Amino acid sequence: MVVPTSLFLLSFLVQNSETVVQRKKEMENNSIISGDKPTVMVTNDDGIEGPGLLALVQVLVSTRRYNVLVCAPDTEQSAVSHCITWRHPIAAKQVHIDGATAYAVSGSPADCASLGISKTLFPSVPDLVISGINMGSNCGYHVIYSGTVAGAREAFLNGVPAISVSYDWVGAKSSINDFTLSAEACLPIINGVLAELRNKTYPQNCFLNIDLPANIANHKGYKLTKQGKSLIKMGWREVTSDKAGGKMLSTMVMETDSTASTEINTSATSAEHLLFTREVDNLAVAVLVKVVLPM
């Protein structure tokens, strides 16, 4: 059984592939893939200060093979799925990340991907968008909830090749250095995709979702597989406090040994409000919903 120790590439197909192909052809006119260095744009859902994103950018920059752009949320955006900002403008602030041109954006991962490839923020369309590295796996039906996967999907739907990357973080076992190892493990895939793009042999009706095992230092290679159907079901529990233990790492797992509780501003709550928190595997996730009781 190779599941626990392999890297997985999950092809996510869409029905309306003709539209995607057309957008891909339009984007090719703005791409610099024929230049000396391809341009790779990085986004994520853990926020621009997320250790996975910073490790990925550092590894990409250190190879000196890519022009690296970063367009990522300015705050944590895990499990926001493919939501977009519509009713108000979003702000983009340039930040310093060694070797990259980077912006922190007050929007969702899908917003960041869309803005980053639009030629509004950067002068050219990136050759490849990479969303991640997420702290926590994103397999099965959880790709629907994942902001990480949505960042790649948004780029793909607009004709730009994309990869989403997630690391199966395990509390008390994983370390920040595992993100660097994960980024290094992805380099052959990234280089392979860029080579096929240059040769115009890259498939146009899919994007890649890479899930990296917890024991990344001893992975056994790469395996191409199909989209899974796993799903961790969540429930609700009534609570009396605006604090709940644990920190959501991704749409599939939760860090339970964290000493810091996630706090939600419930200053507007009163006696007629009920508070509910998500539960995953009998563990509370700090997401509170107010229900107003009838008078």
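How closely do the axes of α2 and α5 come, and at roughly what angle do they cross? The axes of these two helices come within 9 Å and cross at roughly 50°.

## Basis of the model

This is a predicted model, in which local features need pLDDT of at least 70 and side-chain atom pairs count only at pLDDT 80 or more, while totals for chains, interfaces and linings use all residues. Residues are numbered from 1 along each chain as its sequence is written, and side-chain values use heavy atoms, with hydrogens and water left out.

## Packing of α2 and α5

With angles under 35 degrees counted as roughly parallel, over 145 as roughly antiparallel, 65 to 115 as roughly perpendicular and the rest as oblique, α2 and α5 are therefore oblique to each other. Their crossing is right-handed. The contact (heavy atoms within 4.5 Å) is made by residues including Pro51, Ala55, Leu56, Val59 and Leu60 of α2 and Phe179, Ala183, Leu187 and Ile190 of α5. By class, the contact of α2 with α5 has 9 nonpolar, 4 polar and 1 charged residues.

## Packing of α3 and α4

Helix α3 (residues 109-116) and helix α4 (residues 147-157) have axes that come within 8 Å and cross at roughly 30°, and the two helices are therefore roughly parallel to each other. The crossing of α3 and α4 is also right-handed. Pro109, Ala110, Ala113 and Ser114 of α3 meet Gly147, Gly151, Glu154 and Ala155 of α4 in this contact, whose residues divide into 4 nonpolar, 3 polar and 1 charged.

## Nonpolar cores

A nonpolar core is a set of buried Ala, Val, Leu, Ile, Met, Phe, Trp, Tyr and Cys residues joined through side-chain atoms within 4.5 Å, where buried means under 20% relative accessible area, exposed over 50% and partly exposed in between, with a 1.4 Å probe and protein chains only. The largest such core has 40 residues, and those with the most contacts inside it are Leu60, Val70 and Ile190. Among the elements that each supply at least two residues of this core are β2 (39-43), α2 (51-63), β3 (67-73) and α5 (177-198), and the largest share, 10 residues, comes from α5. Apart from this core lies another, of 20 residues, among them Tyr103, Leu121, Val149 and Ala162.

Leaving aside its neighbours within four places in sequence, Val70 is in contact with residues including Val42, Leu53, Val57, Ile97, Tyr103 and Phe122.

## Phe207 in strand β8

Phe207 has its place in strand β8 and counts as buried, at 0% relative accessibility. Phe207 and Ala162 are 45 residues apart in sequence, and their C-alpha atoms are 5.6 Å apart in space.

Methods
Helices (H or I, at least four residues) and strands (E, at least two) are DSSP runs, numbered from the N terminus. Axes are lines fitted to C-alpha atoms, for helices over the stretch in contact, and angles run from 0 to 180 degrees between N-to-C directions. A crossing is left-handed if the near helix is turned anticlockwise from the far one by less than a right angle, and right-handed if clockwise. Ala, Val, Leu, Ile, Met, Phe, Trp, Tyr, Cys and Pro count as nonpolar, Asp, Glu, Lys and Arg as charged, and the others, Gly among them, as polar.
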